[in-house]
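The points are grouped by topic for reading beside the coordinates.

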Amino acid sequence: MNALEPNLKKRPEFINVRVRRQDAPGKEPYWELHKIKYEPELNVISVLQRIAAQAKTSDGKKVNPVAWDCGCLEEVCGACTMVINGRVRQSCSALVDRLLAENSDELVLEPMSKFPVVRDLQVDRERLFHNLSRVKAWVPVDGYYDMGPGERVPREDQERNYPLSQCMSCGCCLEACPQFLKVELERREGESDEAYQARKDAEFDESFVGPHAISQAMLFNNHPTGKTLADDRLEALTGPGGIQVCGNAQNCVAVCPKEIPLTTSIARTGRATTLYAIRTWFEK
């Protein structure tokens with residue numbers, strides 16, 4: 001028997017869904033109420049699909065379908081992050097029956113507040129990926145020819161690295177982080193694409209890099225090949241918007257859908273950057 005079945009008799013005939021909408025970047029947001037027929041074992045993506053199919057509000061007004069992002073539908077791609085009933089989470093794994101237990105009156109769907117809204121529940125996560133680039137969150141290679149077997153990785157390192165490798169760049173940790181503040185620049189009149197992008201990149205580089213990038217830096221600094229860029233990553237994490245901005249609120253680890261030990265990575269980074277700063281000071 002499904003664990004939720006005993007509660008199905010208490011469920012309403014219809015589900016009220018309140019959606020925070022925005023027609024385009026920079027436009028004023030507004031709230032819209034939708035109503036769909038209750039079905040057991042729905043997730044939030046299923047709810048949005050039903051709202052899109054009927055394309056009308058609870059009072060019968062015809063509207064454009066709500067826009068949202070999704071990909072894998074199994075909590076792997078990280079694209080469907082949104083704020084649901086006041087908490088950031090993946091909408092593909094947010095089960096309606098459990099959400100109704102939290103709030104039986106309605107579901108409340110909002111876009112993440114730390115990223116510019118593209119439309120409705122879609123946000124621009126460019127800064128998230130830019131910050132991964134800041135810490136060079138990749139394994140450097142000088143070609144794709146066969147270089148033979150790589151260095152053996154101790155079991156202890158494998159067990160430490162695997163949880164960090166599950167990061168899907170969903171942005172949940174950034175939404176919950178009080179030090180990660182929204183950066184949204186308006187395009188100036190007559191500004192070229194290149195100038196606008198350069199201005200955004202400069203603003204991103206001065207802002208907090210975020211727990212996701214800190215954790216990925218630790219992952220690749222502990223990789224046999226990735227560690228060749230360890231100093232570059234530590235240099236980035238000691239610069240503007242680096243590890244020193246973290247206030248250790250620990251909100252990030254509380255909302256991570258993959259239960260990645262982000263605060264452990266932050267602590268490891270604090271030690272590594274301190275040792276790096278001391279070493280570079282003596283090398284001057």
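This is a predicted model: local features need pLDDT of at least 70, side-chain atom pairs count only at pLDDT 80 or more; totals for chains, interfaces and linings use all residues.

The largest cavity holds about 120 Å³ of space.

**Largest cavity**

- The lining of the largest cavity comprises 16 residues, and those nearest its centre are Cys167, Cys170, Cys173, Cys256 and Ile260.
- Helix H5, residues 172-176, gives the largest share of this lining, with 3 residues.
- By class, 11 of the lining residues of the largest cavity are nonpolar, 4 are polar and 1 is charged.

**Second largest cavity**

- At least two lining residues of the second largest cavity come from each of helix H9 (251-255) and helix H10 (262-283).
- This lining consists of 8 nonpolar and 5 polar residues, with no charged residue.

**Largest pocket**

- The volume of the largest pocket is about 230 Å³.
- The residues lining the largest pocket are Met218, Asn221, Asn222, Lys227, Ala230, Leu234, Arg268, Arg271, Ala272 and Leu275.
- Helices H7, H8 and H10 each contribute at least two residues to the lining of the largest pocket, and H10 provides the largest share, 4 residues.
- The lining of the largest pocket divides into 5 nonpolar, 2 polar and 3 charged residues.

**Nonpolar cores**

- In soluble globular proteins, nonpolar side chains tend to be buried together.
- The largest nonpolar core contains 37 residues, and the members that touch the most others are Phe115, Val135, Val209 and Ile214.
- Helix H3 (126-134), H5, helix H7 (211-221), helix H8 (230-238), H9 and H10 each supply at least two residues of this core.
- H7 accounts for the largest share of this core, with 6 residues.
- Leaving aside residues up to four places away in sequence, Ile214 touches Phe208, Val209, Leu237, Ile243, Ser265, Ile266 and Thr269.

**Ala267 in helix H10**

- Ala267 belongs to helix H10.
- Is Ala267 buried or exposed? Ala267 counts as exposed because its relative accessibility is 52%, and the exposed class begins over 50%.
- Ala267 and Ser215 are 52 residues apart along the chain, and their C-alpha atoms are separated by 9.8 Å.

- Most residues other than glycine have a negative phi.
- Leu73 has a positive phi, near 65°, although Leu73 is not glycine.
- Leu73 is placed in the loop between helix H1 (44-54) and strand E3 (81-84).
- With a relative accessibility of 44%, Leu73 counts as partly exposed, because this value falls between the limits of 20% and 50%.
- Glu75 also has a positive phi, near 55°, and is likewise a residue other than glycine.
- The loop between H1 and E3 also holds Glu75.
- Which relative accessible area makes Glu75 buried? The value is 18%, and Glu75 is therefore classed as buried, since that class covers areas under 20%.

**Overall architecture**

- The secondary structure of the protein amounts to 10 helices and 7 strands.
- The C-alpha trace spans about 70 × 60 × 40 Å along its principal axes.
- Of the 284 residues in the protein, 43% are buried.
- Where contacts join residues at least 6 apart in sequence, 66% of them link residues at least 24 apart.
- The protein exposes about 15500 Å², of which carbon and sulfur atoms supply 49%.

Key:
Residues are numbered from 1 along each chain as its sequence is written. Side-chain values use heavy atoms; hydrogens and water are left out. On a 1 Å grid over the protein atoms alone, a cavity is a set of points where a 1.4 Å probe fits but cannot get out, and a pocket is an open set with protein on both sides within 12 Å along at least five of seven lines; lining residues have an atom within 4 Å of a point. Grid points are joined across faces, edges and corners, and a volume is the space filled by probe spheres set on the points. Ala, Val, Leu, Ile, Met, Phe, Trp, Tyr, Cys and Pro count as nonpolar, Asp, Glu, Lys and Arg as charged, and the others, Gly among them, as polar. A nonpolar core is a set of buried Ala, Val, Leu, Ile, Met, Phe, Trp, Tyr and Cys residues joined through side-chain atoms within 4.5 Å. Buried means under 20% relative accessible area, exposed over 50%, partly exposed in between (1.4 Å probe, protein chains only). Contact means heavy atoms within 4.5 Å. Accessible areas come from the Shrake-Rupley method with a 1.4 Å probe; for residues, only the protein chains shown count as cover.
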